Amino acid sequence: MSRVSTEHRTASTEHPTPLSAAAPFLLRGEVARTVSLTVTDLRERWASHRADVVFHCTTDGPRHHTFEGALLRDVIAAASPDFGARRRKDRTRYLLAVTGGDGHHTVLSWAEVDADFGNVPILLATSMDGRGLDAEGSQLVVPSDHCGARYVSAITSVWLGAYAGPPPPTPLRAGP
């Protein structure tokens with residue numbers, strides 16, 4: 001299992017200006033406004049948190065990394081999700097779909113990140129191992145995951161939406 005040590009840090013200007021910057025990603029879906037964000041935006045607008053992780057890869061063995069970035073829940077909250085914050089059961093229906101530049105995507109439940117439920121410190125990373133990700137783009141990091149399968153690099157889109165539930169069952173028809 002990953003060792004997680006999340007510590008709160010304030011935003012800083014320690015990171016050098018990149019030679020080239022990654023395209024922004026869109027935060028969209030059931031939010032009051034679609035937001036376009038860059039690594040610089042994440043670094044400047046939200047407090048930075050640190051996570052020391054170990055991803056146990058089946059092919060390459062353990063991978064140790066230190067990530068810093070904004071908490072996913074804080075960034076989503078700034079886009080004003082369309083659920084009632086006081087209606088806890090309503091919030092548990094919401095899903096997050098995160099897509100990366102290589103087409104890899106993963107789905108999370110809002111309840112995983114919500115402080116009233118799982119409270120998992122999922123990051124939109126702005127640096128990895130002390131190196132800024134301005135040129136590569138933000139990365140989704142789920143520090144509590146044993147393997148890095150939900151790690152998404154070069155994020156292009158974060159979508160939030162409610163799961164409507166399964167379709168009603170089709171009635172069985174009696175034989176002829």
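## Asp-129, between two strands

Start at the loop that links β8 (123-128) to β9 (131-132): that's where Asp-129 sits. Keep in mind that you're looking at a predicted model. The backbone does something worth a glance here, as the phi of Asp-129 is positive, near 55°, and this residue isn't a glycine.

How exposed is Asp-129? Its relative accessible area is 43%, so Asp-129 counts as partly exposed, falling between the 20% and 50% cut-offs.

## Ser-80, between two helices

Now hop over to the loop between α2 (72-78) and α3 (88-91), where you'll find Ser-80. Ser-80 isn't a glycine either, yet its phi is positive, at about 55°.

As for the surface, Ser-80 has a relative accessibility of 29%, which puts this serine in the partly exposed class.

## Asp-114, between a helix and a strand

Asp-114 belongs to the loop that runs between α4 (110-113) and β8. Is this aspartate buried or exposed? Asp-114 is buried: its relative accessibility is 7%, and the buried class covers anything under 20%.

So who does Asp-114 touch? Setting aside neighbours within four places in sequence, Asp-114 is in contact with Arg-91 and Asn-119. There's also a polar contact, side chain to side chain, between Asp-114 and Trp-110, at 2.8 Å.

Terms used: Residues are numbered from 1 along each chain as its sequence is written. This is a predicted model: local features need pLDDT of at least 70, side-chain atom pairs count only at pLDDT 80 or more; totals for chains, interfaces and linings use all residues. Side-chain values use heavy atoms; hydrogens and water are left out. Helices (H or I, at least four residues) and strands (E, at least two) are DSSP runs, numbered from the N terminus. Buried means under 20% relative accessible area, exposed over 50%, partly exposed in between (1.4 Å probe, protein chains only). A polar contact is a pair of N or O atoms within 3.5 Å; within protein, one must be able to donate a hydrogen and the other to accept it, and residues adjacent in sequence count only if both atoms are side-chain atoms. Contact means heavy atoms within 4.5 Å.
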